[in-house]
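Could you walk me through how this chain is put together, from its sheet to its helices? Here is a friendly tour to read with the coordinates open.

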Amino acid sequence: MSRCDLMIAADTMYTGGAPLSMMIRFLTESAGRLIVDKTGLEGRFAFQLTFARRPGTTPEAEPLPSVFTAVQEQLGLKLEPSMNERQILVVDHIERPAEN
């Protein structure tokens, strides 16, 4: 694995040295929610993160933690819910163009 590769195998994410932005893109997809990096951490990080990507698919004898629990227990980071302002485009009316 090169320094910035991010590999996902089954329920584990590995990296040899990737920026947090790469991990956050993957976690956003896995959590099904927008995740915003407010750590202020810069640089590249090597880590391994194991969690249930699809809850309920692992044997009951060895259940994997949720993405939220895994990030806190394995990486020492905490995902906290918050209200963020987002720009949203609302289309409230549309007309079909007239034929020329």
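Predicted model: local features only at pLDDT ≥ 70, side-chain atom pairs only at ≥ 80, totals over all residues.

Three strands make up an open sheet, in the order E1-E2-E3, and their pairing is antiparallel. E1 and E3 are the edge strands, each of them pairing on one side only. From one strand to the next, the twist averages 5 degrees.

The table puts the two pairings next to each other.

| Pair | Residues | Bridges | Direction |
|---|---|---|---|
| E1 and E2 | residues 6-9 and residues 12-19 | four bridges | antiparallel |
| E2 and E3 | E3: residues 44-50 | six bridges | antiparallel |

On the E3 side, Pro19 stands opposite Arg44. The hairpin of E1 and E2 has two residues between the strands, and Ala10 takes a positive phi there, near 55 degrees.

**Helix H1 across the sheet**

Helix H1 covers residues 20-31, which makes 12 residues. From its first C-alpha to its last it reaches 16 Å, close to the 16 Å expected at 1.5 Å a residue. H1 lies across E1, E2 and E3 and runs at about 150 degrees to E2.

Which residues of H1 are buried? They are Leu20, Met23, Ile24, Phe26, Leu27 and Ala31. Seen down the axis of H1, these buried residues fall within an arc of 165 degrees, so they line one face of the helix. On the face of H1 turned away from the buried side you will find the exposed residues Arg25 and Glu29.

What covers the buried residues of H1? The cover includes the strands E1, E2 and E3 as well as helix H2 (67-75). Just after H1 comes Gly32, with a positive phi of about 70 degrees.

Just after H2, Gly76 takes a positive phi of about 75 degrees.

How do the two helices meet? H1 and H2 pack at an angle of about 145 degrees, and their axes are 10 Å apart. H1 brings Met23, Leu27 and Ala31 to the contact, while H2 brings Val67, Phe68, Val71 and Leu75. By class, this contact of H1 with H2 has seven nonpolar residues, no polar ones and no charged ones.

Is Met13 buried or exposed? Its relative accessible area is 0%, and buried means under 20%, so Met13 is buried. Leaving aside neighbours within four places in sequence, Met13 is in contact with Leu6, Met7, Ile8, Met23, Phe26, Leu27, Phe47, Gln48, Leu49 and Phe51. One of these, Phe26, is 13 residues from Met13 in sequence, and their C-alpha atoms are 9.1 Å apart in space. Phe26 is also among the buried residues of H1.

Phe45 is the second residue, and it lies in strand E3. Phe45 counts as partly exposed because its relative accessibility is 28%, and that class lies between the limits of 20% and 50%. Not counting residues up to four places away in sequence, Phe45 touches Thr15, Gly17, Ala18 and Leu20. Phe45 and Pro19 are 26 residues apart in sequence, yet 6.2 Å apart in space from C-alpha to C-alpha.

Notes
Residues numbered from 1 in each chain as written. Heavy atoms only, no water. Pairing = 2+ DSSP bridges. Expected span 1.5 Å × (residues − 1). Buried < 20%, exposed > 50% of the residue type's maximum accessible area, 1.4 Å probe, protein only. Arc of directions from axis to C-beta. Contact = heavy atoms within 4.5 Å. Axes fitted to C-alpha atoms, helices over the stretch in contact; angles between N-to-C directions. Nonpolar A, V, L, I, M, F, W, Y, C, P; charged D, E, K, R; others polar.
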